Every structure is written in C-alpha cells, then in structure tokens.
Number of protein chains: 4
Amino acid sequence: MISIALFGAGRIGSLHGANVARRDDVELRYVSDVFPEAAQKLADKFSAQVVSIEEALADSSLDAVIIASSTDTHAQLIEASAKAGKAIFCEKPIDLDIQQVEACLAVVEETGVALSLGFNRRFDINFRALQQAVAEQKIGNLEMVSITSRDPSPPPVDYIKVSGGLFRDMMIHDLDMARWLLGEEPSEVFATASCLVNPEIEQAGDVDTAMVILKTPSGRMCQISNSRRAAYGYDQRIEVFGSAGMMRAENAASNTVELFTEAGVRKDNPPHFFLERYMDAYQRELDEFVDAIVAGVTPSVGGNDGRMALVLADAALQSYQTGVPVKL
Amino acid sequence: MISIALFGAGRIGSLHGANVARRDDVELRYVSDVFPEAAQKLADKFSAQVVSIEEALADSSLDAVIIASSTDTHAQLIEASAKAGKAIFCEKPIDLDIQQVEACLAVVEETGVALSLGFNRRFDINFRALQQAVAEQKIGNLEMVSITSRDPSPPPVDYIKVSGGLFRDMMIHDLDMARWLLGEEPSEVFATASCLVNPEIEQAGDVDTAMVILKTPSGRMCQISNSRRAAYGYDQRIEVFGSAGMMRAENAASNTVELFTEAGVRKDNPPHFFLERYMDAYQRELDEFVDAIVAGVTPSVGGNDGRMALVLADAALQSYQTGVPVKL
Amino acid sequence: MISIALFGAGRIGSLHGANVARRDDVELRYVSDVFPEAAQKLADKFSAQVVSIEEALADSSLDAVIIASSTDTHAQLIEASAKAGKAIFCEKPIDLDIQQVEACLAVVEETGVALSLGFNRRFDINFRALQQAVAEQKIGNLEMVSITSRDPSPPPVDYIKVSGGLFRDMMIHDLDMARWLLGEEPSEVFATASCLVNPEIEQAGDVDTAMVILKTPSGRMCQISNSRRAAYGYDQRIEVFGSAGMMRAENAASNTVELFTEAGVRKDNPPHFFLERYMDAYQRELDEFVDAIVAGVTPSVGGNDGRMALVLADAALQSYQTGVPVKL
Amino acid sequence: MISIALFGAGRIGSLHGANVARRDDVELRYVSDVFPEAAQKLADKFSAQVVSIEEALADSSLDAVIIASSTDTHAQLIEASAKAGKAIFCEKPIDLDIQQVEACLAVVEETGVALSLGFNRRFDINFRALQQAVAEQKIGNLEMVSITSRDPSPPPVDYIKVSGGLFRDMMIHDLDMARWLLGEEPSEVFATASCLVNPEIEQAGDVDTAMVILKTPSGRMCQISNSRRAAYGYDQRIEVFGSAGMMRAENAASNTVELFTEAGVRKDNPPHFFLERYMDAYQRELDEFVDAIVAGVTPSVGGNDGRMALVLADAALQSYQTGVPVKL
C-alpha cells in the first residue's frame with residue numbers, strides 16, 4: 001500500500017486525487033491547499049486528512065506527493081518534497097524560468113527521488129499508438145511530424161499575464177510531443193506568431209496564434225500549429241510521416257453518430273476540452289507513477305523532459321521575438 | 001444515502017458493484033453469492049458485508065437490490081425483493097418463460113416497488129442520440145430501422161443449451177432496441193435463421209445467424225441482422241431512416257489512429273466485447289436507477305419492457321420454426 | 001472497328017451513345033428514336049446517321065445494337081435484333097412479364113447472338129470490389145448480405161403506374177446485386193412493404209417503402225431495404241459479411257471536404273442520383289460489351305440474369321401480397 | 001466554334017487535347033510536337049492537322065493555343081503566340097527564371113491577349129470548395145492554412161537536375177494554393193529542408209523534403225509540408241482555419257470500400273498520382289479557358305499568378321540556403 005499526499009485541491013488536483021483513490025493499493029493520506037475548505041471537501045471524499053504541506057512532508061512513512069498547486073509553487077514544493085525523500089508527481093511546468101528549473105532539478109538529482117512530470121498527452125491512447133508505431137518503424141524512418149493544437153477558447157487575460165505566454169504555457173505540450181516523437185533533440189527552432197483572437201492578449205505582451213518549425217540534426221522536421229481559440233472545440237491532432245508511410249491520430253469523437261439530411265451529413269464536435277479529452281490519459285499517467293513507485297523503477301517522463309520542453313519554448317519565443325531561427 | 005444489496009458477485013455483478021460504490025450517495029451494504037469467496041472478495045473491496053439473500057432482504061432499512069445472479073434465479077429474486085419492499089435493478093431477462101415473467105411482474109405490480117431492467121444498450125451514448133433524434137423528429141417521421149448486432153465469437157455450447165436460444169438470449173437486446181426506436185409495438189414478426197458458425201450449435205437445437213423483419217401497425221419496418229461470430233469484433237450498429245433523413249450510430253472506435261502504408265489505410269477494430277463497448281452504458285443505467293430511487297420516480301426501463309422483448313423473441317422463434325410471419 | 005446502332009435517344013441513350021463514341025474502335029453508325037429531332041441531335045453530335053430501326057437492322061455489316069428505348073419495346077427489339085444477327089446491349093428490364101421474357105430469351109438463344117443486360121451497378125467500382133472480395137474469400141465464407149437502396153425522390157405517379165411497381169422497377173436492381181453477391185440462387189423470398197412517402201402511390205396500387213429477406217439453400221441470407229425517397233440523396237450501400245470478416249461499400253462522396261464549426265462537423269451529401277453516381281459504371285458496362293464483341297466472348301451479364309431478377313421481383317411482390325414467404 | 005492549336009503532344013498535351021476535343025464548340029485544329037509521330041498520333045485521334053508552330057501561329061483564323069511542351073520552351077512560345085494575337089493556355093511554369101518571366105509577361109501585357117496558367121489544383125473540386133468557403137466567411141476570418149503535398153515517388157534524378165529544384169518545381173503548386181487561399185500576398189517566407197529520400201537528389205544540389213511557413217501583413221500564416229515520396233501514394237490535403245471554424249479537404253478516395261477482418265479495418269490508398277487525382281481538374285481548367293475566350297472575359301489564373309508563385313519559390317529557396325526568413 002502506497003501512501004500519497006496531494007498538494008492542491010483545485011480542479012486538476014481533484015482529478016488526480018480521484019485517480020489514485022480508486023486504486024486498491026494506494027492510500028490518499030493527506031490533502032493540502034491554500035483554501036482549507038477545498039482541501040477539506042476533497043479529504044472528506046477520499047477519507048484523507050487535511051494537513052499543512054510541512055506536516056505532510058514530516059510524515060516519514062509517506063511515500064509520495066502529487067503537486068497540483070499553482071505553477072509558481074512547483075519548484076519550491078519539488079525541492080521540499082525531494083529533500084523529504086518523497087517520490088514526486090508534479091503538474092507541468094516545473095517553473096517558467098529555466099534557471100529555476102535547473103536549480104530545482106539539481107536538488108532532485110542530489111536526493112535521488114523519483115520525479116514524474118504531468119505531460120498528460122504522452123498517455124493519450126491515440127498519441128501513444130503513434131509513438132509506438134514510430135518506435136516499431138511501422139512508418140519506416142521518421143521524417144516529418146505535424147502537430148495541431150488548438151484550445152476551444154482563450155483563458156482570461158489575467159491568466160495570460162502570469163502564464164509565461166503561449167510558447168511556455170500552451171505550446172510546451174506540443175514541444176514535448178515533438179521531442180517524444182522525433183526521437184532526437186531538435187537543433188533548430190523557428191517560430192512565427194500573431195495576435196488574431198483577442199487584442200487584449202497582444203496588450204498583455206502575448207500572442208494567440210503561432211506556427212513553429214523544429215529541425216533535428218539528422219534532418220527530421222516538425223511543424224506545430226497553435227491557436228488559443230477553435231470554434232469547433234479542442235483540436236488535438238498529430239501526424240507522423242516516414243519512409244514507409246504515414247500515421248495520424250485524429251480528435252477523439254464525442255459519439256459515433258452521423259445525421260444525414262437535406263442539409264448534408266452532420267457529426268458532433270470532439271469532446272470540449274482537456275478534462276474530457278484526456279480523462280483517460282490523466283488516469284494512465286497517475287497509474288504509471290504509482291506503478292513505478294511500487295516497482296521501484298523510474299517514471300517515463302522525468303525532470304529532463306520538463307527542462308527540455310522549456311528550453312524549446314524559450315527558443316521559440318526568442319525566435320518569434322528576433323525573427324530568425326534559434327540554434328540549440 | 002441509499003443502501004443497496006448486490007445479489008451475484010460474478011463479472012457483471014462486480015461491474016454493477018463498482019458503479020454504485022463510486023457514488024457518494026450510495027452505500028453498497030451487502031453482497032450475496034452462491035460462491036462465498038467471490039462475495040467476500042467483492043465485499044472487501046467496497047467495505048460491504050457478506051450475508052445471505054434472506055438476511056439482506058430482512059434488513060428493513062435496506063433501500064434497493066441489484067440482481068446479477070444467474071438467469072434462472074431472476075424471477076424468484078425479483079418476487080422476494082418486491083415482497084420485501086425493495087427497489088429492484090435486475091439484469092435481463094426476467095425469465096425465459098413468458099408465463100413466469102407475467103407471474104413475476106404481477107407480484108411486482110402488487111407490491112408497487114420500482115423495477116428497472118438491465119437493457120444496457122438503451123444507455124449507450126450513441127444509441128441514445130439516435131433515439132433522441134427520432135423523438136425530436138430530426139429525421140422527420142420514422143419509417144425504417146436497421147439493427148446490426150454480432151458477437152465476436154459464440155459462447156460455449158453448454159451455455160447455448162441453457163440460454164433460451166439466439167432469439168431469447170441475444171436478439172432480445174435488438175428487439176428491445178427496435179421497440180424503443182420504433183415508437184409503437186410491432187404487430188408482425190418474420191424471422192429466418194441458419195447455423196453457419198458452429199454445427200454443435202445446430203445439434204444443440206439453436207441457430208447462430210439470423211435475420212428478422214418487424215412491422216408496426218402504421219407501416220414502419222425494422223430489420224435485424226444477428227451473428228454469433230464476427231472476425232473483426234463486437235459489431236453493434238443501428239440506422240434509423242425517416243421522411244426527413246437518416247441517422248446512424250457506428251461502432252465505437254478503439255482509437256482514432258489511421259496508418260497509411262503501401263498496403264492501404266488501416267484502423268483498429270472496435271472494442272472487443274460488451275464490457276468494453278458498454279462500460280459507460282453500464283454506469284449510466286445504474287446511475288439512472290439510483291437517481292430514480294432518490295427522486296422517487298419510475299426508472300425508464302421497466303418490467304413491461306422485459307416482457308415485451310420476450311414476447312417478440314418468442315414470436316421470432318415461432319416464425320423461424322413455422323416458416324411464416326407471426327402476428328401479434 | 002465495331003459498328004453500332006443506338007435505339008433510343010433519350011437521356012440514357014445519349015449517355016450510352018457518348019460512352020461508345022469516345023472509343024477509337026467503335027463507329028456509332030445509326031441512331032433511331034420515335035422523336036426524330038432527338039435522334040438527329042444525337043446523330044449530329046457523333047457523326048451518325050438517323051435511320052429507322054428496320055433500316056439499321058437491314059445493314060448486314062452492322063455489328064451490334066444498343067437498346068435504350070422505352071421498356072415496353074425492349075423484348076420486341078431484342079427479338080428483331082437477334083434475328084438480324086446483331087450483338088445486343090439492352091437496358092434492363094427485358095420485359096415486366098416473365099413469360100414475355102422467356103419467349104424473348106428463347107429467340108436470343110436460338111440465334112446465338114450475344115446479349116448484355118444493363119445492370120449498371122455490377123460495374124460500379126465499389127460494388128465490384130465487394131464482389132471480388134467475396135469471390136476471393138477475403139471475408140471467408142459468405143453468410144449475409146445487406147443492401148440499402150433509396151432514391152432521392154419518387155418518380156411521377158404516372159410513371160409508377162406503368163413501372164411494374166417498386167419490386168419490378170426499383171428493387172430488381174437490388175435483387176440482381178443479391179444474386180451476384182450471394183453466389184447461389186435464393187430459394188426463398190419474404191417481402192413486406194408500406195406506402196409511407198406518397199399516398200398517391202398507394203392509390204396507384206404500389207408501395208414506396210419495402211424490406212425483403214432472401215435465403216439460399218446453404219443458409220445464406222440477404223436483406224434489402226428500399227425507399228422511393230431519401231432526403232439526403234441517392235443512397236446505395238452494400239455490406240457483405242462472412243466467416244472471416246465484413247466488407248462494405250459506402251455511398252460515393254461528392255467531395256472530400258469537411259467543415260468544422262460550433263454547429264458540428266458537416267460533409268456534403270452523396271451525388272444526387274444514378275446518372276451522377278453511376279457515371280463511371282455506365283461507361284464500364286458499355287466498354288465490357290464492346291470488348292466482349294471484339295474478343296468474341298460472352299458478356300458477363302446475360303439474359304438469364306434479366307430473367308432471374310424478374311423471377312425474384314415477382315416472388316417478392318407475391319410474398320408482399322400474400323403475407324407469407326415464397327419458395328422458389 | 002473556337003479553333004485551337006496544341007503545342008506538345010506528350011502525356012499532358014494529350015490530356016489537354018482530349019479535354020478540348022470533347023467539347024462541341026471547339027475545333028482542335030493543329031498539333032505540333034518535336035516528335036512528329038507523337039503529333040501525328042494525337043492529330044489522327046482528334047481529326048487535327050500536324051503543322052509547325054510557325055504555321056499554326058500564321059493561321060490568322062486560329063483563336064487560341066495550348067502550350068504543353070517542355071518547360072524551357074514556355075516563355076518563348078507564350079511570346080510568339082501573344083505576338084500572333086492568340087489566347088494562350090500554358091502549363092506552369094512560365095519559366096524558372098524570374099527575369100525571363102517578367103520579360104515574357106511584359107510582351108503578353110503589351111499584346112493584350114488572354115493568358116491562362118495551368119495551376120490545375122485551383123480547379124480541384126475539393127480545394128475549390130475550401131476557397132469558396134473562405135471567400136464566403138464560412139470559417140469566419142481566415143487565420144491559418146496548412147498544405148500537405150507529397151508525391152508518391154521522386155522523379156528521375158535527371159529530371160531533378162533541370163527541374164529548378166523542389167521549391168520551383170513542386171512546392172510552386174502549394175505556394176500558388178497558399179496565395180489563392182490566404183487572400184493577401186505573403187510578406188515573409190521561412191523554409192527548411194532535408195534530403196531524406198534519395199542521396200542522389202542531394203548530390204544534384206536539391207532537397208526532397210521541406211517545410212515552409214508563410215506570413216502575411218495581417219498576421220495570417222500558412223505552413224507547407226512537402227516530400228518527394230509517400231509510400232501510400234499521392235498525398236494532397238489542405239486545411240483552412242479561421243475565427244469561426246475549420247475546413248479541410250482530404251485526399252480523394254479510390255473507392256468507398258472498407259474491409260473489416262481480424263487484422264483491423266482496411267481501406268484502399270488514394271488515387272496514385274496527379275493524372276488520376278486531378279483528372280477532373282484538368283478538364284475544368286480547360287473548360288474555363290475555352291469559356292473565357294468564348295465570353296471574352298479574363299481567365300481566373302493569369303500571368304501574375306505564375307510570376308508570384310515563382311517569386312515565393314525563389315524566396316523559399318533563398319531562405320533555405322541562408323537559414324533565415326526572407327522578407328518580400
């Protein structure tokens with residue numbers, strides 16, 4: 001039986017809490033949140049105890065922590081948890097500042113604890129099938145990757161202001177997908193972007209529409225297309241192309257129903273947003289984390305993945321700002 | 001908080017148990033099974049108590065029962081539970097004998113308890129969308145229904161022998177779908193069938209491949225196509241056609257991935273069988289049952305639905321045996 | 001160089017004329033029609049000569065005729081052409097009366113001329129792929145066939161009155177498909193039907209909506225679903241099911257475009273009607289006829305196919321009228 | 001009746017010849033080719049006369065010419081035809097050298113003749129639907145375009161050497177699509193490329209795999225993905241994205257058939273190459289040219305479209321060579 005503390009009882013924390021609580025081999029022991037009522041509500045649901053983070057980490061029999069608090073607390077909580085010897089699952093990103101990230105990861109490495117980053121898309125059944133097909137050479141030698149990633153609607157401008165911007169907040173998921181699929185680290189990043197959705201985003205110093213090309217040393221290429229708004233809902237598709245063929249993962253379907261009338265053929269839009277689309281992926285990523293702790297193995301998505309995605313996001317931002325490609 | 005006893009701790013009983021246990025407003029209080037170890041294992045998982053059926057029904061504070069034991073016990077357990085004043089969720093069928101069914105339903109009616117039958121397909125998100133579209137006249141006036149229903153592989157011949165035969169065991173689901181979608185009771189049934197999958201099924205006096213046409217008083221028609229075996233997996237599709245258009249529900253997809261190679265375009269087969277395909281439907285049917293008890297309303301699928309599906313199955317069998325259509 | 005006379009310069013005659021005229025090895029020598037202007041217009045287009053049918057058949061160097069005149073003239077023109085020793089391509093049906101058909105085919109057999117019937121769907125690229133897959137055992141042993149066939153809108157009631165009725169005029173195509181795919185002659189036919197589209201069709205003694213089940217001696221089954229009206233356009237689909245899998249041919253697409261908006265995903269309806277849908281099939285059927293003449297081989301769709309389709313249509317009509325299956 | 005001379009009797013010339021010859025209002029009067037036998041064969045088929053280009057242009061009653069000879073003759077033949085006052089349909093490109101193109105177009109402008117460029121994809125029914133949807137604001141304000149364009153296999157290296165390279169020979173079609181869809185001229189081009197298909201292409205100084213991003217003054221973006229080889233056949237897809245939705249044109253289907261077996265679901269690959277895929281588009285582009293001459297209006301794809309596509313191709317090549325975006 002693994003015992004876990006959950007730091008952060010918001011929407012994503014609740015989801016992680018439910019995902020570990022449903023397992024027979026996990027005890028969700030503690031919940032902490034800056035809002036005590038939120039913590040209490042979640043704790044009641046899973047028969048857990050509300051404690052402070054310090055109290056949780058002081059429990060020497062506690063095995064692991066899930067960090068689902070606000071982004072600005074991640075690095076500090078990772079460090080504290082690592083020093084307390086706990087295995088760590090942390091929502092991405094580690095931090096928006098690459099130096100903070102590196103300092104944090106140095107602590108993790110020193111302590112030797114397991115750290116798993118919440119790049120949930122790596123656990124999407126469709127994208128996994130793509131990655132596995134690439135690994136098994138089902139499309140021969142990989143040559144090109146195309147990632148489409150569009151949110152149904154932009155977050156509040158207040159969130160935009162503290163988000164780190166589109167490249168670090170949104171595209172970072174796609175950059176992680178790119179690294180995962182490309183099979184080698186990109187050596188060049190070119191980014192271009194516009195503010196077409198909401199002028200307030202531009203006033204906040206950010207963009208809402210972007211295209212990026214990554215290139216690897218062996219000549220593989222990846223294009224990413226991002227928008228903060230898609231009228232038809234959450235749009236998450238990937239295509240991989242190689243010497244022996246192509247494979248693509250389409251959006252998940254809300255249902256399989258087609259209506260044929262005089263007006264044409266109509267299907268429903270895909271699931272609305274990430275909670276609906278990646279519900280299964282969230283469960284699988286936590287399962288992998290728990291399984292890894294139980295088995296004493298390293299989780300598949302680690303600190304360096306968090307670091308490298310940020311390096312690419314920073315490079316994309318720099319490319320956009322300078323107008324020229326950035327070499328890595 | 002609703003308290004429930006579960007009768008039957010097999011595969012489907014476990015599923016129902018998990019579906020009610022995950023709710024905050026339900027206490028799975030008792031589990032009974034002819035195999036005590038199975039009952040104990042399930043009871044442990046959900047902090048329930050293993051008791052005999054008699055003990056469970058004797059608890060006057062128990063609200064409801066879920067009957068997931070073997071088919072031959074259904075009618076008797078429904079009657080006992082009804083007399084004890086419990087709301088009842090029962091797996092289909094009530095019984096394979098129409099007279100038994102009617103006797104059982106007379107008891108239910110007398111006691112006035114709620115009875116919900118486990119026609120899980122009515123809770124499939126895709127088929128519900130069809131039914132709703134028909135109800136909302138999205139395809140105008142309904143004229144034709146086409147139901148395709150094929151199992152991945154036939155059950156053991158020993159099961160076939162006690163199953164009541166293809167019409168009562170398998171097609172009964174499709175006959176329920178037909179009634180639900182047609183919006184009026186069929187007045188004529190024609191059935192034809194063959195044994196093409198396994199000669200032992202024929203030796204057991206049953207068929208494994210069948211086609212049926214139902215017709216209603218207003219002239220609507222429904223065709224059903226059944227096979228006990230489909231090489232590509234569980235095949236469950238419905239099409240409704242009306243004066244203003246057509247709507248169809250395709251099989252659920254295992255994933256959204258397409259592989260394009262020199263050999264053509266390839267997709268994965270649908271989910272393997274009913275547990276995978278109707279996982280969500282099983283959850284929704286139990287939710288509806290619990291919600292109905294809480295709200296004090298009648299569940300949507302009641303005893304008469306169980307009775308009428310069996311009437312149609314019997315008529316189909318008779319039509320197949322006599323070679324002529326059966327009027328109802 | 002093959003020389004051909006075209007009898008009938010209407011819509012379908014013009015199509016056949018264009019299909020043979022585009023070949024380098026065919027001379028469209030004569031055009032005949034009861035409307036001289038129609039004949040002249042077509043003749044001018046293809047540098048042919050307008051003559052009477054008698055004149056055309058009197059030309060001993062003429063190789064073949066295409067009969068695309070009204071249905072009631074088919075049998076008589078086939079006989080006259082056969083006696084004149086011409087290879088014959090004739091639009092279906094030979095006649096609406098089975099005795100006429102048999103008398104006509106006796107003449108054809110006596111004269112030994114080649115006769116090809118215009119069952120255009122046999123030349124549809126999609127249905128051919130199905131038939132070939134069945135022949136190559138790609139779905140193992142064939143067990144079930146499902147044919148959906150719906151016209152966009154009913155013909156004028158005046159046409160209905162002389163058409164021979166839905167079974168002989170419309171379903172006859174589907175019955176031919178069934179025979180072609182089933183690989184053995186049906187031994188039993190059950191039909192049911194309604195008049196749901198237009199009450200005037202009922203007043204004319206016909207139906208507009210029908211379902212049929214065919215069964216063969218080895219136990220294969222075929223279901224056919226017909227409607228004289230489909231709001232979404234011409235609906236022509238076939239599914240074949242066997243021991244090793246299933247294959248289906250969907251409607252042809254008007255284009256490959258999908259529009260994704262807040263209202264859902266939208267595609268265009270299929271091509272409007274048979275001229276659009278079967279344009280290529282019409283060309284291929286004429287090509288096969290010409291190629292067969294050139295090569296001196298028998299065309300694939302002969303007089304017996306015309307006869308048997310009518311036998312099945314008559315049986316379906318009789319089944320509908322008597323309410324019981326008809327044995328053949 | 002319009003009279004036309006065809007310069008070039010190769011594969012594409014034959015296609016254009018057949019497309020105009022099938023019209024009632026066009027006389028294909030002359031055919032010229034450097035290979036007299038090829039010219040004669042085509043002339044025989046369409047009852048045309050084999051003459052030299054000079055003779056053809058000297059016929060003052062000749063209305064128009066179709067230039068389908070080798071690329072290096074285009075500019076010169078355009079100039080000669082323009083000076084002879086003939087309406088001109090010319091296969092793309094005008095020339096591979098932008099200065100030659102501009103000189104040639106100056107002559108055309110001076111003479112005032114109609115010039116139509118063979119950007120066949122503009123006449124593809126699917127891409128036209130996209131362009132029309134964009135024009136009608138069906139996806140709101142256009143923001144992003146994604147063009148995928150992959151050939152089934154690379155041309156011979158000898159062709160590569162004289163082709164002008166991937167950007168001028170292959171991507172030029174996609175750049176034309178981009179201009180057509182974007183609705184404003186790109187102001188920036190970034191290109192990256194690799195040689196992954198065939199090292200001999202690299203030795204010939206060219207690339208075989210490329211990605212490009214275009215940006216317009218208003219912030220619209222377009223990404224293009226090119227490969228000289230696709231194992232699954234000719235891959236030609238476009239997606240447009242805007243404030244109110246997304247629209248995409250998939251590859252044309254070879255047929256509508258799906259095979260379901262234990263191995264999964266299988267469809268055929270798209271039509272093999274451009275002649276199969278764009279057969280209809282070739283016909284429509286010639287129809288538009290002839291209709292424009294008859295009506296005395298300007299064809300929709302003119303000299304400037306040829307020039308601008310080459311400007312973009314040159315910019316893409318320069319960006320690839322310098323490693324930085326090129327401003328226009």
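Begin by selecting A:E258 and C:K267, whose side chains meet in a salt bridge with 3.8 Å from N to O. Because A:E258 sits in strand β13 (residues 257–261) of chain A and C:K267 in strand β14 (residues 264–267) of chain C, the pair joins two chains. Keep in mind, as you look at this and every later stop, that the model is predicted. The two partners can also be coloured by how far they are covered: A:E258 is buried, with a relative accessible area of 10%, whereas C:K267, at 30% relative accessibility, counts as partly exposed.

Which residues do salt bridges with shared partners join into one network? They are A:R248, A:E250, A:K267, B:E258, C:E258, D:R248, D:E250 and D:K267. Over all chains, the structure holds 115 salt bridges.

Next, show chain B and chain C together and hide the others for a while. A rotation of 180°, with 0.0 Å of shift along its axis, superposes chain B on chain C with an RMSD of 0.0 Å, and that is the relation of a two-fold axis. To find where this axis passes, select B:V324, which of the residues of chain B comes closest to the rotation axis, its C-alpha lying at 2.8 Å.

Stay with these chains and select the residues where they touch: chain B gives 44 residues to the contact and chain C gives 44 residues. Since 100% of the interface residues of chain B are also interface residues in chain C, the copies meet through the same surface. About 3400 Å² is buried between chain B and chain C, and carbon and sulfur atoms give 60% of that area. In chain B, the residues that lose the most area to chain C are B:M144, B:M211 and B:Q223, which together make up 18% of what that side buries.

What holds charge against charge here can be shown by selecting B:E239 and C:R237, which form a salt bridge with the closest N and O atoms 2.8 Å apart. Both B:E239 and C:R237 are buried. Across the interface of chain B and chain C there are 8 salt bridges, and 14 residue pairs are in polar contact there. If you colour by strand, β10(B) gives the most to the side of chain B that touches chain C, with 7 residues.

Then bring back chain A and chain D, where 44 residues of chain A are in contact with 44 residues of chain D. These two chains bury about 3400 Å² between them, 60% of it on carbon and sulfur atoms. Select D:E143 and A:R229 to see side chains that meet in a salt bridge at 2.7 Å, N to O. On the side of chain A that touches chain D, β10(A) gives the most, with 7 residues.

For the last stop, select A:C222, which is buried, with a relative accessible area of 0%.

Note on methods
Residues numbered from 1 in each chain as written. Chains lettered and ligands numbered in written order. Predicted model: local features only at pLDDT ≥ 70, side-chain atom pairs only at ≥ 80, totals over all residues. Heavy atoms only, no water. Buried < 20%, exposed > 50% of the residue type's maximum accessible area, 1.4 Å probe, protein only. Least-squares fit on C-alpha atoms with pLDDT ≥ 70 in both. Contact = heavy atoms within 4.5 Å. Buried area = accessible area lost by both parts, 1.4 Å probe. Salt bridge = Lys/Arg side-chain N within 4 Å of Asp/Glu carboxyl O. Polar contact = N/O pair within 3.5 Å; in protein donor to acceptor, adjacent residues only side chain to side chain. Helix = DSSP H or I, 4+ residues; strand = E, 2+ residues; numbered from the N terminus.
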